[in-house]
Amino acid sequence: MENQRCNGKYTKSPDFCFNDGTIWIRVERTLYCLHRGILESHSETFAQILPMRGTGGDKEDNPVFLESITSADFNYLVRHIFIGWVAPPPYDTAMLISLLKLGSLYQMKLVLTFAQYHIKDEPRISPATKINLARRYTIPDWVRPAFEALVCTGPLHITDEDIDQLGLVTYAILTRAQAEIARERLRLSLAAPPTVLGDGCDAHDRCEGAWKEFWGIKVSRWLNHPDKPPRLSKTCEFIEQLGDIPFMRSRCHSETLLKLRGMAPLRAEERITEEGVEKVLAFHWSLEL
């Protein structure tokens, strides 16, 4: 940040040049006349970097220049501090990201709290963008839900913009996780899990045959849906929704489902996703060292 002499090439902000402002600030080619005390009350960083009174920023032709930020971002910040938001959420996503960016840069706790609260569950901000923001502004709690959402999206639905947001390292971790889950899904679909002999069943060979036929026709096709592959953990729920299996005794059916719920393949997706999340967090941590 430095003082810059106004040379007539700058434009006053139409909204944020207050008549009773006490400090002139320039961002890019826009001039602002703001209240120094309000800025300093929101940010200790402003209190430290603004020049002493009488040494800069006191006149329109000698504004304080804020580097490395845009006037669009600064407009959102100034509006948030000096005016606030009358309309209820959802808020403009560009505004929320700008507040996160400048709130982090100037260590403005209240601004950061506001931005993080509204970005966390904002569906209009993509999971890939949230992972990027989590990396840039050290918000590890955002990584797990965003990564899980991307894993469920499937590789064919990852856009070029998503890849740009993720970066090659995180994208590689994601695609590896998706490939491992696809392999587990294929393995599960190819062979029906073993049945359990229910109490009183005297024709278990028939139950086994009915189960294998049901698995091959219904479950295998469901698991290998080309456009919307299901979550492995939903397998038992899917089977229950179909009701009784023809020619399979109800006791054998229920006991087999009970065993299936505890099988490792149905938890593979959760395990692989968790491993991916830990790799992403480790990568983010390495960038801070």
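The face of helix 12 turned away from its buried side carries two exposed residues, Glu 270 and Trp 285. Exposed denotes over 50% relative accessible area, buried under 20%, and partly exposed the range in between (1.4 Å probe, protein chains only). The model is predicted: local features need pLDDT of at least 70, side-chain atom pairs count only at pLDDT 80 or more, and totals for chains, interfaces and linings use all residues. Residues are numbered from 1 along each chain as its sequence is written, and side-chain values use heavy atoms, with hydrogens and water left out.

Helix 12 comprises 21 residues, 268-288. Helices are DSSP runs (H or I, at least four residues), numbered from the N terminus. From first to last C-alpha, helix 12 reaches 31 Å, close to the expected 30 Å. The expected span is 1.5 Å times one less than the number of residues. Buried in helix 12 are Ala 268, Glu 269, Ile 272, Thr 273, Gly 276, Val 277, Val 280 and His 284. Seen down the axis, these buried residues fall within an arc of 165°, so they line one face of helix 12. The arc is taken from the directions from the helix axis to the C-beta atoms. They pack against helix 6 (127-136), helix 7 (143-153) and helix 8 (160-190), with contact set at heavy atoms within 4.5 Å.

Helix 5 (residues 109-120) has 12 residues and should span 16 Å; its end C-alpha atoms are 16 Å apart, which agrees. Its buried residues are Val 111, Leu 112, Phe 114, Ala 115, His 118 and Ile 119. These cover an arc of only 165° around the axis, which puts them on the same side of helix 5. Lys 109, Leu 110, Thr 113 and Tyr 117 are exposed on the other side. The cover over the buried residues of helix 5 includes helix 3 (71-82), helix 4 (93-105) and helix 6.

Pockets were also examined. A pocket is an open set of points on a 1 Å grid over the protein atoms alone, where a 1.4 Å probe fits, with protein on both sides within 12 Å along at least five of seven lines; lining residues have an atom within 4 Å of a point. The second largest pocket holds about 190 Å³ of space, a volume being the space filled by probe spheres set on the points, which are joined across faces, edges and corners. Helix 12 gives the most to its lining, with 4 residues. Glu 269, Glu 270 and Thr 273 are among the lining residues.
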